[in-house]
Amino acid sequence: MTAAPPAPAPGAAPAPGTAGAPPLRVAVVGGGPGGLYAAALLKRLDPRREVTVWERNAPEETFGFGVVLSDETLGGIEHADPVVHRALSEDFVRWDDIEITHRGHRHTSGGHGFAALGRRRLLGILHRRCASLGVRLRFGTPAPPTAELAARHDLVIAADGVHSATREARAEVFRPRVTTHRCRYIWLAADTAFPAFRFDIAETRHGVMQLHGYPYAEDSSTVIVEMREEVWRAAGFDAMDEARSAARCAEIFAGPLGGSALRGNSSAWTAFRTVVNERWSDGTVVLLGDAAHTAHFSIGSGTKLAVEDALALAACIEEHPGLTAALAAYEEERRPVVESTQRAAAASLRWFEEIATHLDRPPRQFAFDLLTRSRRITHANLRLRDAAFTTAVEDEFGCPPGTPPMFTPFRLRGLTLRNRVVVSPMDMYTAEDGLPGEFHLVHLGARALGGAGLVMTEMVCVSAEGRITPGCTGLYTQEQAAAWRRVTDFVHRQAPGTAIGVQLGHSGRKGSTKRMWEGIDQPLDAGNWPLSAASALPYRPGVNQVPHALDRAGLARIREQFTAAARRAVRGGFDLLELHCAHGYLLSGFLSPLTNRRTDAYGGSPERRLRFPLEVFEAVREVWPAERPMTVRISATDWARGGTTADDAVDLARAFAAHGADAVDVSTGQVVPEERPEFGRSYQTPFADRIRNEAGVPVIAVGAISSWDDVNSILLAGRADLCALARPHLYDPHWTLHAAAEQGYTGEGAVWPLPYRAGSRPPPTGRTDGPKPRLTLP
């Protein structure tokens, strides 16, 4: 503990937060790396500051073993405090490889770049740095209550971890959401240094267990053992103390550990908790590190986020004249970074929660899937890091030489798609009385010329009453079928090799609304038509009309409308037909327990809720040519309590596949307005992944897939067979051809139309390769 620096002379400066303000009196609650580093930085930036750190534990007490920091984080530390950076650099263990062992196969991927050191060593460095700067360190001393600290200090930094008492004391302001997840894990250590970051999978009679391990010293490695809660209980870990748990884990992973024992450090089995706060500051109190946010250990270190928080907080306080502005700037800077990290962490966490569904992949594909699970490492990125490993995965997938995964063909019944790109169905709301016009010819024709393997229409309605808006297309008249034939003839004639599919649907309770840009899901001002649905439940009570619950006669009428539309689709020249059973439209309304409250044979149990959609599917399949494929789009989750879940979605997919579906188009949500989707890049792909690998049916992934790198990654990892993209094709009708050009691919999977071939290379631009500076002057 260091002596407090002398206080400034009374009346020496105006109030805090103005120009020439006196040093802030800073209280830091929690002596972990984030709190210590924030204290050191603030004191270093202004030695007049009175900075005190309260830590309930003794200096030598800590939990866990090793800490991983990225080169980006280290660069920030080096710039902000070279003294700390030099001390860290002396102790870092560095390595490049990731090793994955799966069913007796070990695969190594290089070029990743890690740096780690012992947590005790890191804390020791920060303790000494704080002491040298004059920070007061109060070990073994719980911090006073938050209100008391705030009354006596200009700034209170709550760095008191995932169980933050400071956060809970002001929960009504910070509004935290804490989610406890499905796996149990324990932090242990081995007295051996792994040569790489290791992932080892053990398939035991109790279930799947996994080891995450990495070196943090020349003779030591961190070992985290993780498994589902039910596996943990079945294996008896719930009845074991630390020593017995460590010994049993060492037995299970004896091979990867080379016979080394495992030891704990006040280690206990716990379930990971994701912490999210709506606000990070309240007056002069600010959250930092795990108190503000957590991200699953499988994508990196919470210490890394905490240290980066400290850097940003200190910089914002230095750059802004008042504390209120500084704390707002800190949150504005860090929140997007943290949210991105948490999205990646959530994807990684769920991958490990569902690891049993990934195990049957070929060994190299399993390794690739694991490496790219969070979407931060992608196919292109991994090729840069380790081209040999990536090429081996491509060969195992079946990519011809020089062919990216997205340009490998795929067969559905008698239809062979030349590539794996689908133009997703997108409602255009530009029809007149259900009739597709010039806009649809140009819109769909342009996307077909753009090189996609399959171009899908918008939802084409099976009746006038089944339209969503007055601008929706239909297939309930012969005139409409003839208009669609004009579109399909253009595609087949001008874009040979591109298939065109029709998506048939009925709006159900979500019909008779305005066009999207006029007021999405809002009823028409005039001219509304009656609605039908599984149950008499309006989409938005008090806003949308109450639909008529279909009786037996109504069900038969709807079924006949679908089959009649399918017959017209045959005459319309479509290559593939998709039945729309998603997004809360009529057939989806039967599937979800939130929208189906029937008490007859079409409601109640999942099997009964499936009955009518399956009847419609069978009726359509009967009139659709046997050689042409049929797919079905489902909402794999309602994103709402009590609704369809991912488990239900697997059962739905199995049922449709058993009745002849050739693939399942896996979307989510839009069933009830109170949904809470977890948006993010490729956020719906995990649902497709699970259906593909549990139900054993080909799937189409859709939802925020925006780059060709994402497409290649999804396909190569075995998460989907086809990828459907919507907004990217609105931005760029030639998205697929441009993806080929950017990857240097010129094969049969992406053929430029002859009139466009001269544009198959990016046009030249102005030069940007001017002479580089020869000297750097001080």
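Is Thr-644 buried or exposed? Thr-644 is buried, with a relative accessible area of 5%. Here buried means under 20% relative accessible area, exposed means over 50%, and partly exposed lies in between, using a 1.4 Å probe and protein chains only.

This is a predicted model, in which local features need pLDDT of at least 70, side-chain atom pairs count only at pLDDT 80 or more, and totals for chains, interfaces and linings use all residues. Residues are numbered from 1 along each chain as its sequence is written, and side-chain values use heavy atoms, leaving out hydrogens and water.

Begin with strand E2, residues 50-55. Helices (H or I, at least four residues) and strands (E, at least two) are DSSP runs, numbered from the N terminus. In E2, 5 of the 6 residues are buried, so the strand is largely enclosed by the rest of the structure. E2 pairs with strand E1 (residues 25-29) in the parallel sense, over 5 bridges. Two strands pair if DSSP finds at least two bridges between them. Val-28 stands opposite Val-53 in E2.

Next comes Leu-188, in strand E10 (residues 176-190). Leu-188 is buried, with a relative accessible area of 0%. Its contacts (heavy atoms within 4.5 Å) include Phe-65, Val-223, Cys-249 and Leu-262, not counting residues up to four places away in sequence. Leu-524 is 336 residues from Leu-188 along the chain, and their C-alpha atoms are separated by 62 Å.

Now move to residues 406-740. UniProt, in an unreviewed entry, lists this span as "domain: NADH:flavin oxidoreductase/NADH oxidase N-terminal". The span is 36% helix and 16% strand, and its end C-alpha atoms lie 9 Å apart.

Return to Thr-644, which lies in the loop between E26 and H22. Among the residues that Thr-644 touches are Leu-591, Pro-593, Ser-635 and Leu-652, not counting residues up to four places away in sequence.

Finish at helix H23, residues 685-695. Its buried residues include Phe-687, Asp-689, Arg-690 and Ile-691. Their cover includes strand E26 (630-635), helix H22 (646-658) and helix H24 (708-716). After H23 comes Gly-696, with a positive phi near 70°.

How values were computed:
UniProt positions renumbered as here; feature names shortened; annotations may be inferred.
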